[in-house]
Amino acid sequence: MIAMNSVLLSTLVKDFGLGVIFASSDYEKVRLTVEDVTRPGLQISGYFDHFEPMRLQVLGNAEASYIKRMDADEKAATFDRLFGYKFPALLVARGITLDPICLQMAQKHNVTVLSTGEATSTIISDIIAYLREALAPQITRHGVLVEVYGEGILLLGDSGIGKSETAVELLKRGHRLIADDAVELKKISDTSIVGSAPALIQNYVELRGIGIVNVAKLFGMGAVKAENEINLVVKIVPWEKNQTYDRIGLEEQYEDILGVRIPVHTIPVSPGRNLAVILEVAAMNNRQRKMGYNPALEFTENADRHAQQKKEELAK
């Protein structure tokens, strides 16, 4: 199930060090639910078609200079209508002194007014980036997330199949753990999924027969990482004698996570298979493929070329 996120306005104010000119009566309860931020220039000039009241509104130099040209009645009518939409808050940038009539209408409609000394474009881009990450679609999957040679590998498979044990072996080989048992997956762009651990289990691994292990204390802080992009999904399955497994890797397969296609490998496990070594090779191979080199394709082309040469030799 995809989690619908929101950000408390008070949290945004704290994280960005914003000043509070006027706090609405519901200030502690107001939440931001969209990542977009708007400058209400058109609305101040009287055009309200397509106005999005769910967005944070930011007032900059352009809007402030336009407001100065308006008479008191125009200001009152404009701001009365603007604040009547009950948007989350108005943020005044560049340390601009707020017009008293604007503040009066904000108080009338119980809408929070904030301030910052930052440049308008800077604060808008920073807030959008902040909200994009905080509001990103998110799901939780049962699995293990490790970083191997810079590649984020999400291990999936039934409980008890050896995901955590494989992660520990990778830690011994110098790689890093992001999450064990539960992985929170967040879509930060149309092409990127980032994984992290729930706060309660961050840095911990469960090993059956031993119990809970604190990886950071046992292997050092260099063995853990807060989050990592998912570059590869590895599904660990029990080896079945009559099952056919991909032996060349020519046909690429993908796992759909929140609408993003991630390359996937299915690895059968049986006694004697060293999963940690296999995952190291999978990580390096995945990096090569992203750089444009496909060993499976090269192998098949060489095989076809060799077969063609043999055929021509026999025809002579």
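Analyst: Helices (H or I, at least four residues) and strands (E, at least two) are DSSP runs, numbered from the N terminus. The model is predicted: local features need pLDDT of at least 70, side-chain atom pairs count only at pLDDT 80 or more, and totals for chains, interfaces and linings use all residues. Residues are numbered from 1 along each chain as its sequence is written, and side-chain values use heavy atoms, with hydrogens and water left out.

Which residues of α6 are buried? They are T120, I123, I124, I127, I128 and L131, where buried means under 20% relative accessible area (1.4 Å probe, protein chains only). Seen down the axis of α6, these residues fall within an arc of 130°, so they line one face of the helix; the arc is that of the directions from the helix axis to the C-beta atoms.

Helix α6 also takes part in a pocket. Together with β10 (176–189) and β11 (192–196), α6 is among the elements that each supply at least two residues to the lining of the second largest pocket. On a 1 Å grid over the protein atoms alone, a pocket is an open set of points where a 1.4 Å probe fits, with protein on both sides within 12 Å along at least five of seven lines; lining residues have an atom within 4 Å of a point. The volume of this second largest pocket is about 220 Å³, a volume being the space filled by probe spheres set on the points, which are joined across faces, edges and corners. Its lining has 14 residues, of which E133, K186, V194, S196 and E227 are the closest to the centre. Strand β10 gives the largest share of the lining, 4 residues. By class, the lining holds 6 nonpolar, 3 polar and 5 charged residues; Ala, Val, Leu, Ile, Met, Phe, Trp, Tyr, Cys and Pro count as nonpolar, Asp, Glu, Lys and Arg as charged, and the others, Gly among them, as polar.

Notes: Buried means under 20% relative accessible area, exposed over 50%, partly exposed in between (1.4 Å probe, protein chains only).
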